[in-house]
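Please find below a short note on the structure under review. The points go from the chain as a whole to individual residues.

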Amino acid sequence: MSDEVYFCGKCDRQQQTSAGIPCKICGKRTVSWYLNRESAEDVRRKWKRLNV
């Protein structure tokens with residue numbers, strides 16, 4: 001089982017990779033988050049770089 005999920009910084013939520021890249025709530029692009037390798041702060045910075 002993969003430790004990858006997609007993260008949306010606007011909604012502050014995770015979704016499974018099978019749900020696709022756009023956030024299911026707001027439609028913004030999500031970023032991949034490897035739960036066992038990256039901190040929450042790291043993934044928030046990654047999301048902001050993509051969505052600002």
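The numbered points below concern a predicted model.

1. Overall architecture. The protein chain contains 1 helix and 3 strands. Read from the N terminus, these elements follow the order β-β-β-α. The radius of gyration is 10 Å, close to the 10 Å that the globule rule gives for 52 residues, so the protein chain is as compact as a globular protein of that length. The C-alpha trace spans about 25 × 25 × 15 Å along its principal axes.

2. Surface and contacts. Of the 52 residues in the protein chain, 27% are buried. The accessible surface amounts to about 3700 Å², and carbon and sulfur atoms account for 48% of that surface. Where contacts join residues at least 6 apart in sequence, 29% of them link residues at least 24 apart.

3. In soluble globular proteins, nonpolar side chains tend to be buried together. Here the largest nonpolar core has 8 residues: Val5, Phe7, Cys8, Cys23, Val31, Trp33, Val43 and Trp47. Strand 1, strand 3 and helix 1 (40-51) are the elements that each give two or more residues to this core. Strand 1 supplies the largest share, 3 residues.

4. The aromatic pair. How many aromatic pairs does a search of the whole structure find? The search returns 1 aromatic pair. Its members are Phe7 and Trp33, in an edge-to-face arrangement, with 5.6 Å from centre to centre and 85 degrees between the planes. Phe7 belongs to strand 1 and Trp33 to strand 3 (residues 31-34), so the pair ties together parts that are 26 residues apart in sequence. Phe7 and Trp33 are both buried.

5. Phe7. This residue of strand 1 has a relative accessible area of 3% and is therefore buried, the cut-off being under 20%. Leaving aside neighbours within four places in sequence, Phe7 is in contact with Asp12, Arg13, Gln14, Thr30, Val31, Trp33, Val43, Arg44 and Trp47. Phe7 and Ala40 are 33 residues apart in sequence, and their C-alpha atoms are 9.6 Å apart in space.

6. Val5. Not counting residues up to four places away in sequence, Val5 touches Gln14, Gln15, Gln16, Thr17, Val31, Ser32, Trp33 and Leu35. Val31 and Trp33, two of these partners, are also listed with Val5 in the largest nonpolar core.

7. Asp3. Is Asp3 buried or exposed? Its relative accessibility is 15%, and because buried means under 20%, Asp3 counts as buried. Asp3 is placed in the segment before strand 1 (4-8). A polar atom of the Asp3 side chain lies 3.3 Å from the backbone nitrogen of Asn36. With neighbours within four places in sequence left aside, Asp3 is in contact with Trp33, Tyr34, Leu35, Asn36 and Arg37.

8. Asp12. Most residues other than glycine have a negative phi, and most peptide bonds are trans. Asp12 is not a glycine, yet its phi is positive, at about 55 degrees. Asp12 sits in the loop between strand 1 and strand 2 (13-16). With a relative accessibility of 45%, Asp12 counts as partly exposed. Asp12 is also one of the contact partners of Phe7.

Note on methods: Residues are numbered from 1 along each chain as its sequence is written. This is a predicted model: local features need pLDDT of at least 70, side-chain atom pairs count only at pLDDT 80 or more; totals for chains, interfaces and linings use all residues. Side-chain values use heavy atoms; hydrogens and water are left out. Helices (H or I, at least four residues) and strands (E, at least two) are DSSP runs, numbered from the N terminus. Buried means under 20% relative accessible area, exposed over 50%, partly exposed in between (1.4 Å probe, protein chains only). A polar contact is a pair of N or O atoms within 3.5 Å; within protein, one must be able to donate a hydrogen and the other to accept it, and residues adjacent in sequence count only if both atoms are side-chain atoms. Contact means heavy atoms within 4.5 Å. Rings of Phe, Tyr and Trp (its six-membered ring) pair if their centres lie within 6.5 Å; planes under 30 degrees apart count as stacked, over 60 as edge-to-face and the rest as tilted. The radius of gyration is taken over C-alpha atoms; the globule rule is 2.2 Å times the number of residues to the power 0.38. Accessible areas come from the Shrake-Rupley method with a 1.4 Å probe; for residues, only the protein chains shown count as cover. A nonpolar core is a set of buried Ala, Val, Leu, Ile, Met, Phe, Trp, Tyr and Cys residues joined through side-chain atoms within 4.5 Å.
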